[in-house]
2 protein chains.
Amino acid sequence: MTLENLNSNKSFGGWHKQYSHPSDSAGCVMRFAIYLPPQVANGQKVPVLYWLSGLTCTDENFMQKAGAHRVAAELGMAIVAPDTSPRGEDVADNESYDLGQGAGFYVNATESPWERHYRMYDYVLNELPALIESVFPVTDQRSIAGHSMGGHGALVLALRNPERYQSVSAFSPISNPVNCPWGRKAFTAYLGRDTARWVDYDASVLMREARQFVPALVDQGDADSFLAEQLHPEALETAAAISGYPLTLNLREGYDHSYYFIASFIEEHLRFHGRYLG
Amino acid sequence: MTLENLNSNKSFGGWHKQYSHPSDSAGCVMRFAIYLPPQVANGQKVPVLYWLSGLTCTDENFMQKAGAHRVAAELGMAIVAPDTSPRGEDVADNESYDLGQGAGFYVNATESPWERHYRMYDYVLNELPALIESVFPVTDQRSIAGHSMGGHGALVLALRNPERYQSVSAFSPISNPVNCPWGRKAFTAYLGRDTARWVDYDASVLMREARQFVPALVDQGDADSFLAEQLHPEALETAAAISGYPLTLNLREGYDHSYYFIASFIEEHLRFHGRYLG
């Protein structure tokens with residue numbers, strides 16, 4: 001396994017690093033960023049929060065804009081931010097921002113031309129943690145979080161694999177993708193027209209039917225321009241009420257869909273995960 | 001005076017806003033960003049920290065990457081981040097990243113083709129504060145800070161105008177531009193070949209001769225790839241020793257020239273300015 005270190009920056013006494021590696025799941029070279037808190041310099045193993053970004057993002061947006069390193073350094077928590085899709089000249093793409101490269105939607109695609117590389121569900125669930133846990137000084141305690149498309153990904157991964165994650169959180173998640181334009185467009189392309197195959201990737205459907213629980217925190221700004229058409233947090237709230245899911249959903253007055261919203265509340269999310277990661 | 005609001009984002013209970021306006025000093029439309037802390041919603045007037053960014057930056061880099069809003073919100077401090085040069089199709093430019101648009105060096109250019117628009121010294125010293133203080137709920141208490149080229153700008157503005165600023169700070173400033181490649185290239189173009197005209201824009205020369213003091217804080221990473229060739233903080237330290245200038249210079253082990261370094265220590269800088277801004 002070839003892991004290439006692309007960049008290292010000291011940050012809050014720890015290290016932000018970027019890597020590329022050939023990925024079996026994605027069939028291409030993938031990039032990720034990791035924040036290693038100062039505690040690892042003392043030989044301590046730390047738990048890991050996986051962060052899934054939104055449409056058009058790379059491994060860089062969260063690390064540069066969320067202001068998360070300060071609290072991760074205090075709590076002794078690593079953060080891993082994968083890219084949002086496979087990438088490269090050989091990888092299928094689409095000219096729109098919400099399909100193809102930068103828009104993997106954290107699914108395993110079954111349809112042509114996407115099925116060869118677009119296997120972000122497998123990549124984030126299995127391949128990336130196996131790699132991280134074999135190379136870096138981390139424990140096997142994992143939590144997962146994300147924003148928008150990445151909030152959808154984090155919720156779906158935790159809801160389908162409650163044994164793999166200690167906690168889950170999301171900012172402005174696409175909560176009910178089978179019922180919004182972003183989700184319908186992506187799922188039609190990646191999974192085909194049979195909507196029965198979409199529900200495995202819909203957080204509201206999964207939460208309604210959940211029997212095994214992972215503590216869940218969701219923050220949503222009420223001035224988010226995507227709220228009414230794309231995000232549907234009310235579907236998640238209804239689902240949680242039906243299954244008794246331990247969901248805390250905060251509606252935040254005046255906040256939009258940007259990283260300024262994430263930065264404003266990331267400390268609360270990190271402390272939430274810190275309680276379960278131990 | 002036409003002030004156009006381009007963008008607004010709620011952040012840590014306050015507001016990040018971007019504006020454009022026609023500038024007399026620059027003879028073109030200029031952009032700036034402002035962070036207004038939550039205290040202004042209660043009718044309170046707040047002091048202002050001006051932040052000057054480095055080469056290639058715009059009004060956005062600091063606001064997105066420094067993680068400064070959290071502490072500014074706590075302290076009740078506005079932050080204003082101007083662009084780093086005049087811009088536009090009619091504005092002289094150069095293909096290199098360290099001259100022309102994005103590289104104004106906070107001087108008043110005297111040489112062709114730069115002298116018409118490149119008057120960032122006047123813009124930051126006079127025009128921008130006059131505008132800010134006439135439009136926003138701020139006091140006339142000002143401090144100034146910056147990074148790299150902007151650290152140079154902040155130090156020069158405070159050293160030449162101690163009556164205008166309560167305090168000054170810099171990350172990785174170009175401390176002795178008359179003696180480094182970035183400074184010599186920019187000053188030759190903007191100010192001409194007569195080096196006697198450069199010293200008014202050299203923080204180390206100005207600090208050595210200073211008689212009126214502004215409390216000054218400088219942070220420099222020792223793993224900064226520009227340190228040896230471009231930054232020369234030792235010249236600033238020598239100058240401060242000669243004049244008795246109240247300079248605190250911290251060398252930070254392992255930190256580089258990036259915003260990860262700035263984010264790691266911005267809280268200390270904001271609290272430093274907060275002590276003098278009252």
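1. In this predicted model, Phe272(A) and Tyr276(A) lie four residues apart in helix H9 of chain A, and are therefore separated by about one helical turn. The two residues form an edge-to-face aromatic pair, with 5.3 Å from centre to centre and 70 degrees between the planes. Phe272(A) is buried, having a relative accessible area of 8%, whereas Tyr276(A), at 34% relative accessibility, counts as partly exposed.

2. Over all chains, the count of aromatic pairs comes to 38. In one of them, the rings of Phe171(A) and Phe261(A) have their centres 5.6 Å apart and their planes at 90 degrees, so this pair is edge-to-face. The pair links distant parts of the chain, since Phe171(A) belongs to strand S7 (residues 168–171) of chain A and Phe261(A) to helix H9 (residues 259–277) of chain A, 90 residues apart. Phe171(A) is buried at 0% relative accessibility, and Phe261(A) is buried with a relative accessible area of 0%.

3. Phe171(A) and Phe261(A) also belong to one aromatic cluster, which includes Trp51(A), Phe62(A), Tyr255(A) and Phe265(A).

4. Helix H5 (residues 181–191) of chain A has buried residues that include Trp182(A), Phe187(A), Tyr190(A) and Leu191(A). Seen down the axis of H5(A), the buried residues fall within an arc of 165 degrees, so they line one face of the helix. These buried residues pack against helix H4 (149–160) and helix H7 (227–231) of chain A. Just after H5(A), Gly192(A) takes a positive phi of about 95 degrees.

5. The charged end of Arg160(A) sits over the ring of Tyr201(A), 5.0 Å from its centre, and the charged end of Arg160(B) sits over the ring of Tyr201(B), 4.9 Å from its centre.

Definitions and conventions: Residues are numbered from 1 along each chain as its sequence is written. Chains are lettered from A and ligands numbered from 1 in the order in which they are written. This is a predicted model: local features need pLDDT of at least 70, side-chain atom pairs count only at pLDDT 80 or more; totals for chains, interfaces and linings use all residues. Side-chain values use heavy atoms; hydrogens and water are left out. Buried means under 20% relative accessible area, exposed over 50%, partly exposed in between (1.4 Å probe, protein chains only). Helices (H or I, at least four residues) and strands (E, at least two) are DSSP runs, numbered from the N terminus. The arc is that of the directions from the helix axis to the C-beta atoms. Contact means heavy atoms within 4.5 Å. Rings of Phe, Tyr and Trp (its six-membered ring) pair if their centres lie within 6.5 Å; planes under 30 degrees apart count as stacked, over 60 as edge-to-face and the rest as tilted. A charge sits over a ring if NZ of Lys or CZ of Arg is within 6 Å of the ring centre and within 35 degrees of the ring normal.
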